[in-house]
Amino acid sequence: MRTVLIIDDNPAVGEALSLALSLHEIRPLTALTPEQGLELLERERIDVVIQDMNFTADTTSGEEGIALFRAIRQRHTDLPVILLTAWTHLETAVELVKAGAADYLAKPWDDAKLLATVENLLELSESTREVNRARNERRRRREDLQRRYDLTGLVFSSEAMARTLELACQVARSEVPVLITGPNGAGKERIAAIVHANSMAKRGPFIAVNCGALPGELIEAELFGAEAGAYTGANKAREGRFELADGGTLFLDEIGNLPLSGQVKLLRVLETGQFERLGSGRTRQVKVRVLSATNADLKAMIRAGTFREDLYYRLNVIEVNLPPLSERVDDILPLAEYFLDGRAELSDAAREAMLTYSWPGNVRELKNAIERAALLTSDGRIGPEQLNLPQSAVPTNRNLDEPSREAVEAALDKADGVVSRAAQALGLSRQALYRRMERYGLATQGT
C-alpha cells in the first residue's frame, strides 16, 4: 500500500494529515522527532515524506528541518520530501527545493493542494521505482552478456541491442551462415565481429569486404583471387578474401551488390568450400564461416531477378536484425559520451537535441556529429549549436505517444496538476508521461 511518513513534533498535525491521507487510501505513518522518522525510514517502505522544519519549542530557524532533510537525502536519494512549516523563511524552503525537496507548503495548508501534491509524488515514486527496476534489469542483463560473451568493447544500453547481441552470441558457436540486416551506419560490421569473437573460428582471421564499395568487375577477383593476366592490370597472381579468411570468418557487407556471376561462385563455396581463382582451372578448398549483411530488400531483388533465391536461403539460415539508432534511444547518450571520450561536456540542451533527433545516418552520423562538436566547442561545453543537427530531420509529426511540451503543459493544467488524469487525456501511462515531463523540464511542476 502507498505509504506517507509524517515527521512533525505536533501530534495534532500528524493526526490531521493522517486522517486526510487515510480518506484517499494512503497509509500514514507518524514520527514526533527526526530520530523516530529516520528509524521508521530504515524499517518501512516509504513512498513520500512530509516533514516539519522546526522540532524544538520557540525555534523558528529551520536548522533542524534542514539537518533532517539532508539526513533523508543522504540515505534515500530519490525519496520525495515535502517541507511543511509555519515559521521557516521562504528563502530557506526555496534553497531546499533547489537541493532536491519536492515541494514547500506553509501551515495552515490547503488540503486540496497538499493531497494533489502527495498524489503526484506517489505516482512519481511508483514511476521512479519502475524505471529503476527496469534500469537495473537492463544493467544486470548487460553485465550477464558481458560476462558470458566477448562483446569486443561494444557500448550499448538499450533492450533492443541486448536482444540483438544475445541472438548473435547464441548462434556464434554454430557454423551456419548468418545474415545481418539493418540500415547503413547502424554497426552491422561490429555485430559480425562479435559473432566471430564468440565462434569456434575466433582464433582464425576476420576478413571484411564491402561488396558495395567495389566495381562489379572486380568483386569476383576480390573474393576469389586472380591469376596474373586474368584481367587488365592483373600483373601478378593475388589471393582472394576467401583464401585470406581460411580457418576464420569472412564478412560480406552489402551482399546485395554482388553480381549474379559472383553469386553462383559464392553459392558453390558455401556448399562445398571449393572455388577457382579468376583465370585458373585449379580448384582450391577453404574452410570459412561466412557472415553477410545488407540493408537491401533481398526478397524484392529475388522477384526482380537480381538476387538468387537459392543463395538467399543459403545465407539466411539465421537472420540477426540490428535496429536503427532511432529505435535504440537508450544507446544515444552512452555512445555520445564514448565518442566524446572526456574531451568536452554535453549540455542538457544538447542531450535533449540528440534524444529528439531521428539519426537517419545512425551510429555513424552520431559519431561524426560528436567529432565535429568536440572540434567546434571553445569552452569545453557542447550545445545544440555545435551539434548542428538538421532541423528538418527532427520529428515534427508527433503522435499521441510523443506529445509536445505544449500538449503536456496543457493537459497538466486541465487536470489541475493530477498526473494520472493528464496521462489518461494524452493516451499515455503515468510512467510515460513522467518521462516526457522530465525530458521537457516539467518533472517538478504540476502539483
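Tutor: Two strands pair if DSSP finds at least two bridges between them. Strands are DSSP runs of E with at least two residues, helices runs of H or I with at least four, both numbered from the N terminus. This is a predicted model: local features need pLDDT of at least 70, side-chain atom pairs need 80 or more, and totals for chains, interfaces and linings use all residues. Residues are numbered from 1 along each chain, and side-chain values use heavy atoms, without hydrogens or water.

Take strand β8, residues 249-253. Asparagine 210 is the residue facing aspartate 253 of β8.

Now burial (under 20% relative accessible area is buried, over 50% exposed, in between partly exposed; 1.4 Å probe, protein chains only). In β8, 5 of the 5 residues are buried, so the strand is largely enclosed by the rest of the structure. Both faces are covered. Thr249, Phe251 and Asp253 lie on one side. Leu250 and Leu252 lie on the other.

Helix α6 (residues 159-172) has helix α5 (residues 111-148) beside it: their axes come within 11 Å and cross at roughly 25°. Axes are lines fitted to C-alpha atoms, for helices over the stretch in contact, with angles from 0 to 180 degrees between N-to-C directions. On the α5 side, Arg138, Arg141, Leu145 and Arg148 make contact (heavy atoms within 4.5 Å). On the α6 side, the residues they meet are Glu159, Ala162, Arg163, Leu165 and Glu166.

Elsewhere there is an open sheet of 5 strands, with parallel pairing and the order β2-β1-β3-β4-β5. β2 (27-31) and β5 stand at its edges with a single partner strand each, so one side of each lacks a neighbour in the sheet. On average, neighbouring strands are turned by 20° against each other, direction ignored. Helix α3 (residues 63-75) lies across β1 (3-7), β3 (48-52) and β4, at about 160° to β3.

In β5, Asp103 and Leu105 form a covered face, whereas Tyr104 and Ala106 form an uncovered one. In β8, both faces are covered. In a regular strand, side chains alternate between the two faces of the sheet. The partner of β5 is β4 (residues 81-85), joined to it in parallel by 4 bridges. Isoleucine 82 is bridged to aspartate 103. Threonine 85 is bridged to alanine 106.

Arginine 282 sits in the loop between β9 (274-276) and β10 (283-285). Its relative accessibility is 53%, so arginine 282 counts as exposed. Apart from neighbours within four places in sequence, arginine 282 is in contact with Phe275 and Glu276.
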